[in-house]
Amino acid sequence: MSVTLDEWLGLIEHEYAATFIPFGGAAWRFAVGDDATVTAALDGAARMARRTGLVLVPISAAATRVHMIHELVHAICRHVPWQSLAQRFMERLVASEGYSWPTSGESLPVAAIARANDVDAMLVRRQIQQAFTRRVMREPRLSHDFRAGISLICDAAMDPEHAAAAEPVLNWLRGNPVALGDLRQAGISARLNRTSARVVLRSVCSWIQMCGGQGLCLAVDLRQVSRPGTEGVKYTQAAVLDAFEVLRQLIDDSDALEGVLGICVSGPEFIDEQDTRRSVSAYTALKARIWSDVSAHERDNPLAPLVRLSPPGGQP
């Protein structure tokens, strides 16, 4: 039994991407199919993200070491439009304080905003700083390091001359080389690692929602994990288990992750119950979260956590 690709993507868009996710929900859905179907599913997920306004994050296990949570978070952060989100947030914050932003989408110093609103610049600056402190620096959903870093990115939205100060923060988020001294100067205590990655990911998801974004759509190609690849990242049996553990952690973090839709696709080897080394059967904790214990004889449940996909245009 299987579910048609068009039906599956249509239901995910209707039940999750267009409704549940923008309101702060999180969901993870898994699917298996042949290579052509997997490729079509990833393409369909990309189109769905564009239609619903979600930030698309395509991740391939052949290029990203998904068994290392901090590298997965770095890959996510590379697709987040940090500058435009900060710009949007600051414009909304200024508007909430009763001031107009003269040129929407353009970085402006406080002095220019003050002139446009005929208010003394010192008063405007103080009011904006107080509002930013209430809404960001005291926001419990954001980690301490993230709050320190995002304040510099937002500062660059207020003044283009401060953009250089935000570069170490962007490099920290994206996994680019950055000196620890530069991070400390930005108020960030340490590089992003396996210990802090999940906390930073929660902060990233919350920040997107705070900026008025719809959320994230993670389109994850897991084929490389369950099949020994000749190119790209190589996954030992230990790495396979670590990758499944990362997925298990993300599923369990759904209550803390705001606005995240995870679409994970792989080949049929992912559910091969005879393979206890590289299939999901190798890690019971993940299998228990996505495997359906009860299923109908006539057809698969298209909204089940794990489905088998028939080729595009094919019959279930």
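This is a predicted model: local features need pLDDT of at least 70, side-chain atom pairs count only at pLDDT 80 or more; totals for chains, interfaces and linings use all residues.

Two strands count as paired when DSSP finds at least two bridges between them.

Go next to strand 5 (residues 260-266). Strand 2 (residues 26-32) pairs with strand 5 in the parallel sense, over seven bridges. Here Arg29 stands opposite Ile263 of strand 5. Strand 4 also runs parallel to strand 5, and six bridges join the two. Two of the residue pairs can be picked out. Leu216 has Val260 in strand 5 as its bridge partner. Leu218 has Gly262 in strand 5 as its partner.

How many residues of strand 5 are buried? The count is seven of seven, so strand 5 is largely enclosed by the rest of the structure. The cut-off for buried is under 20% relative accessible area. In a regular strand the side chains alternate between the two faces of the sheet. Strand 5 can be read face by face. Val260, Gly262, Cys264 and Ser266 are buried on one side. Leu261, Ile263 and Val265 are buried on the other. Both faces of strand 5 are therefore covered.

Turn to Leu9, which lies in helix 1 (residues 5-17). Is Leu9 buried or exposed? Leu9 counts as buried because its relative accessibility is 11%, and the cut-off is under 20%. Neighbours within four places in sequence aside, Leu9 is in contact with Ala41, Gly44, Ala45 and Met48. For a sense of distance, take Leu9 and Asn193. They are 184 residues apart along the chain, and their C-alpha atoms are separated by 34 Å.

A search of the whole structure finds one cavity of 30 Å³ or more. The volume of the largest cavity is about 70 Å³. Which residues line the largest cavity? They are Trp28, Ile59, Val66, Leu72, Leu218, Val220, Leu222, Ala243, Val246, Leu247 and Leu250. Helix 12 gives the largest share, four residues. By class, the lining has eleven nonpolar residues, no polar and no charged.

Last, look at the open space. The largest pocket holds about 270 Å³. It is lined by 14 residues, and those closest to its centre are Val110, Ile128, Gln129, Asp155 and Met158. Helix 6 (121-137) and helix 7 (144-158) each supply at least two lining residues. The largest share, five residues, comes from helix 7. The lining of the largest pocket divides into eight nonpolar, three polar and three charged residues. The lining of the largest cavity, by contrast, has no polar and no charged residues.

Technical notes
Residues are numbered from 1 along each chain as its sequence is written. Side-chain values use heavy atoms; hydrogens and water are left out. On a 1 Å grid over the protein atoms alone, a cavity is a set of points where a 1.4 Å probe fits but cannot get out, and a pocket is an open set with protein on both sides within 12 Å along at least five of seven lines; lining residues have an atom within 4 Å of a point. Grid points are joined across faces, edges and corners, and a volume is the space filled by probe spheres set on the points. Ala, Val, Leu, Ile, Met, Phe, Trp, Tyr, Cys and Pro count as nonpolar, Asp, Glu, Lys and Arg as charged, and the others, Gly among them, as polar. Buried means under 20% relative accessible area, exposed over 50%, partly exposed in between (1.4 Å probe, protein chains only). Contact means heavy atoms within 4.5 Å.
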